Amino acid sequence: MQPIHIPLQHQMSLIHLPGEQFRTGRLTGVFTVPLRPSTAAGYAILPGLLSRCCEAYPTVPAFNRRLDDLYGASLYGNVIAPGGWQTLVFSVNFLNRRYVPGGEDLTEQATQLLLDTLFRPALENGVFRESDFNEEKRCLLERLQGEFNNKRLYARRRCKELLCPDHPFSLDPNGTEETVAALTVHQAAEARKELLANARIHWIYQGDTDIDALVHTLEKPFREIHRQPPTVTVDTAFTLKQCEKTEELDLKQAKLVLGFRIAAAEPDGDVMAARVMNALWGGCPSSLLFKHVREEQSLCYYCASSYDRFQGVMLVDCGVEAADADKAKAEILKQLDAIREGNFSDEELEAARRSIIQHFSSLEDTPGDREGWYVGQTLHDTYLTTDEVGKYLLAVTKEDVCRAARLTHFDTAYLLKPLEEVENV
Amino acid sequence: MTEYRHPLLGDTLYLDTHPSGLTVVVWPMPSAASAYGVFATRYGSVYNTLPTPEGGEETVPEGIAHYLEHKLFESEEGDAFTRFADTGASANAYTSFDKTAYLFQATENILPSLDILLDFVQQPYFTEETVQKEQGIIGQEIRMCEDNPDRRVLFNLLRGMYHTHPVRVDIAGTVESISHITPELLYRCYGRYYNLHNMVLAVAGRITPEEVWDACNRLLKPAAPMEPATFAWDEPENVCETLVEDTMPVAAPLFCLGYKEPHTTTDPADLAGARVLVELLAGKSTELYSRLMAQGLINDEFGAEYWGGPGFGVWLFSGESSQPEQVRDALHQQVQQLQQEGIDPALFETVRRGIYGRLVSGLDDPSACGELVMSHLLDGIRPLEELDALMALTAEDVHRQLCRRLTVENSTLSVVRPG
């Protein structure tokens with residue numbers, strides 16, 4: 001199904017995905033600002049702060065009872081960092097009228113509730129209430145600190161920091177413990193105003209409704225705001241530095257993360273070839289890494305590659321015995337060489353291609369997955385359906401995949417190992 | 001197949017018992033992009049014995065159900081993942097306390113993928129070499145789990161709550177316990193529990209009941225009738241410890257508070273009642289949740305749920321807190337207060353409406369639909385019966401359940417602190 005791109009006033013746009021095939025309707029606001037150490041925390045607190053209550057429902061219980069009244073509508077915010085930009089996503093998901101006793105259409109009420117959280121939050125003297133602000137600040141701080149608990153994710157983050165130091169890509173979109181701890185209620189209030197005035201704003205609506213009325217509803221609150229959104233550019237240039245770092249913690253299993261730079265990134269790079277290459281290398285159960293590192297050598301339970309198409313970065317990570325880290329690293333690099341030289345079968349290539357095409361097409365099954373698909377595309381304002389991407393992926397040749405591998409360069413190795421004598425990888 | 005049209009959802013499901021003995025359910029979703037098939041057996045980590053030729057029971061190594069799950073993908077001809085690679089389907093499997101499930105999701109080549117699923121699960125093949133090879137892989141999976149603080153705080157809780165019931169044992173076992181697994185033991189477990197009378201096939205999404213039934217007719221091998229495995233665990237009603245403490249490299253203390261259900265249940269009214277009760281006790285609509293947040297005692301990691309299975313039932317409240325004992329005390333007080341004062345009917349209706357909406361909202365995904373009906377059937381419940389039970393509940397029903405099923409004294413707090 002083709003998305004309908006509707007330009008809105010006030011330098012915004014609406015992507016409409018029509019159809020009533022889902023049990024829910026969904027409205028998503030996508031707000032993109034530069035990711036900077038000085039402003040990240042102020043923006044990062046907003047998803048939690050704005051989705052907990054609003055002026056009309058000024059306590060958490062009252063707000064959640066309102067959501068329950070709307071038949072379990074869910075309203076939440078999140079922050080991500082595609083291409084080193086800070087993107088805040090606010091969504092409201094609500095039941096399709098077919099499933100509401102009495103057939104009531106909840107679109108207008110759900111839409112208004114989302115807009116109320118953005119434009120009519122619960123304020124006191126023009127700023128967020130201290131109680132709300134302090135709770136959300138504490139939650140954000142503890143969330144940042146809690147990232148340490150998941151050692152796989154922690155190791156990936158450490159590798160990114162080493163791979164792209166001094167670049168927004170390596171920054172946590174939630175800020176840092178220091179900047180969050182120092183955040184004031186006035187800074188948070190200012191961040192909300194800045195967001196509404198100066199973020200790139202896209203709306204995504206899934207379902208069928210009176211679109212003209214929706215457009216009017218979305219545009220109306222911005223009438224008094226002078227907006228100056230940024231132009232998005234992503235610096236994908238790199239200089240290889242061949243960095244290696246080992247750290248240790250009280251762990252049972254070592255986590256090895258290898259960072260690669262690939263000269264294939266949005267909007268102009270051969271992203272489709274890179275996607276197929278990533279699937280072949282370590283992006284699916286039939287991949288070369290699964291086959292060789294896990295099944296043949298029994299070195300690990302997981303060994304997977306991932307491709308960030310905005311930044312031109314690939315990460316390969318696995319959990320291994322510390323003594324096997326060298327072996328795993330050697331095999332991972334060996335398989336990349338194999339792809340560069342075309343030492344893989346047509347069957348292996350087609351299996352990888354089929355896997356990634358079907359993975360993308362299955363994202364059409366839920367509004368949540370479709371939201372993720374289109375949110376990612378707002379960065380460069382190019383909107384392809386999963387079918388269209390599937391066709392591009394079908395056109396990728398073996399030589400394209402080899403070339404993508406030759407554009408991929410090893411840069412950083414990070415090893416997080418159990419407490420013992422520190423050795424270089 | 002018997003048609004069942006759900007009055008609230010408007011969907012039509014198809015349910016029947018195949019002549020081979022397998023229970024089959026199909027949930028057609030014509031507008032879905034994919035189909036999801038799950039072929040599951042009522043065999044998980046808690047079923048830890050096998051009958052002996054002498055008529056007794058012997059205990060099998062911990063982690064064997066999970067080990068069998070890994071090994072079933074291999075056959076003399078090769079690996080099932082390689083076969084699924086030809087269709088492009090995303091295939092996987094998991095082992096829980098009470099079931100093992102093999103599944104695929106595909107947007108193309110759906111019928112060939114279904115054939116592969118039905119075929120490979122019925123073809124056990126275990127040799128010394130293949131069993132030995134898996135030691136390293138599962139060993140690393142176990143190590144990965146050992147580094148997971150959420151898993152540690154949960155299994156410490158279960159060990160504190162349960163004296164002898166095997167739910168207290170990690171599903172994957174230990175590196176030591178899996179070293180005792182042999183091909184012969186795997187074949188015996190397979191023969192005992194992978195009988196089609198003990199299994200369910202659920203397929204949801206872009207598929208028809210005729211297509212599924214045709215695949216069953218072509219591929220299922222008739223199974224000898226079997227009585228479901230019955231276990232009588234000698235498990236007292238009370239918990240064994242009220243506090244279990246541990247340390248790991250974590251940023252802040254994690255906690256799990258568990259109330260032990262004295263009598264386990266698969267009654268749909270009890271399952272629906274549990275969903276309502278966890279919301280009424282500590283959901284975001286409650287003053288308790290607000291108070292705990294305002295006092296800095298919980299953060300947005302806090303959650304509540306009920307889960308149960310053969311011989312066990314746990315009301316679980318978990319999250320992060322610098323003062324987990326205070327969270328426990330506040331929850332105890334909430335339980336007792338609601339038991340004494342009753343349930344506010346207006347709040348009950350609001351919460352029930354929200355749960356209904358959230359349950360229905362989750363049924364766009366063929367995988368969620370397939371998992372739900374498979375799970376219901378393995379528990380002996382008609383598909384979607386829990387949703388019907390939810391709509392039939394009253395505030396008084398829920399209050400009676402609260403008084404019957406939760407006892408403050410019969411609870412355990414598990415804490416993992418930074419260290």
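The legends below describe close-up views of a predicted model.

**View 1. The interface of chain A and chain B.**
Chain A brings 54 residues to the contact, and chain B brings 65 residues. Putting the two chains together buries an area of about 5,000 Å². Carbon and sulfur atoms give 50% of this area.

**View 2. Polar contacts and salt bridges between chain A and chain B.**
Across the interface there are 31 residue pairs in polar contact, with both residues at pLDDT 80 or more. Seven salt bridges are also found between the two chains. One of the cross-chain salt bridges joins the side chains of Arg23(A) and Asp11(B), with 2.9 Å from N to O. On the side of chain A that touches chain B, the elements that give two or more residues are α3 (60-69), α5 (130-146), α11 (288-296), β12 (313-320) and α13 (346-362). Sorted by class, this side of chain A holds 20 nonpolar, 16 polar and 18 charged residues.

**View 3. A salt bridge inside chain A.**
Over all chains, the count of salt bridges comes to 55. The pair shown here is Arg157(A) with Asp172(A), whose closest N and O atoms are 3.7 Å apart.

**View 4. The open sheet of chain B.**
Seven strands of chain B form an open sheet with mixed pairing, in the order β1-β2-β3-β11-β4-β10-β9. The strands at the edges are β1 (2-5) and β9 (90-95); each has a single partner strand, so one side of each is left without a neighbour in the sheet. On average, neighbouring strands of this sheet are turned by 15 degrees against each other, direction ignored. Strands of a sheet pair through backbone hydrogen bonds, and the pairing can be parallel or antiparallel.

**View 5. Strands β4 and β11 of chain B.**
Strand β4 (residues 35-41) and strand β11 (residues 199-205) of chain B run antiparallel and are joined by seven bridges. Ala35(B) has Gly205(B), in β11(B), as its bridge partner.

**View 6. The hairpin of β1 and β2 in chain B.**
Four bridges pair β1(B) with strand β2 (residues 12-17) of chain B in the antiparallel sense. Opposite Thr2(B) stands Leu15(B), in β2(B). Between the two strands of the hairpin there are six residues. In this hairpin, Gly10(B) takes a positive phi near 80 degrees.

Note on methods: Residues are numbered from 1 along each chain as its sequence is written. Chains are lettered from A and ligands numbered from 1 in the order in which they are written. This is a predicted model: local features need pLDDT of at least 70, side-chain atom pairs count only at pLDDT 80 or more; totals for chains, interfaces and linings use all residues. Side-chain values use heavy atoms; hydrogens and water are left out. Contact means heavy atoms within 4.5 Å. Buried area is the accessible area (1.4 Å probe) that two parts lose on being put together, summed over both. A salt bridge is a side-chain nitrogen of Lys or Arg within 4 Å of a carboxyl oxygen of Asp or Glu. A polar contact is a pair of N or O atoms within 3.5 Å; within protein, one must be able to donate a hydrogen and the other to accept it, and residues adjacent in sequence count only if both atoms are side-chain atoms. Ala, Val, Leu, Ile, Met, Phe, Trp, Tyr, Cys and Pro count as nonpolar, Asp, Glu, Lys and Arg as charged, and the others, Gly among them, as polar. Two strands pair if DSSP finds at least two bridges between them. Axes are lines fitted to C-alpha atoms, for helices over the stretch in contact, and angles run from 0 to 180 degrees between N-to-C directions.
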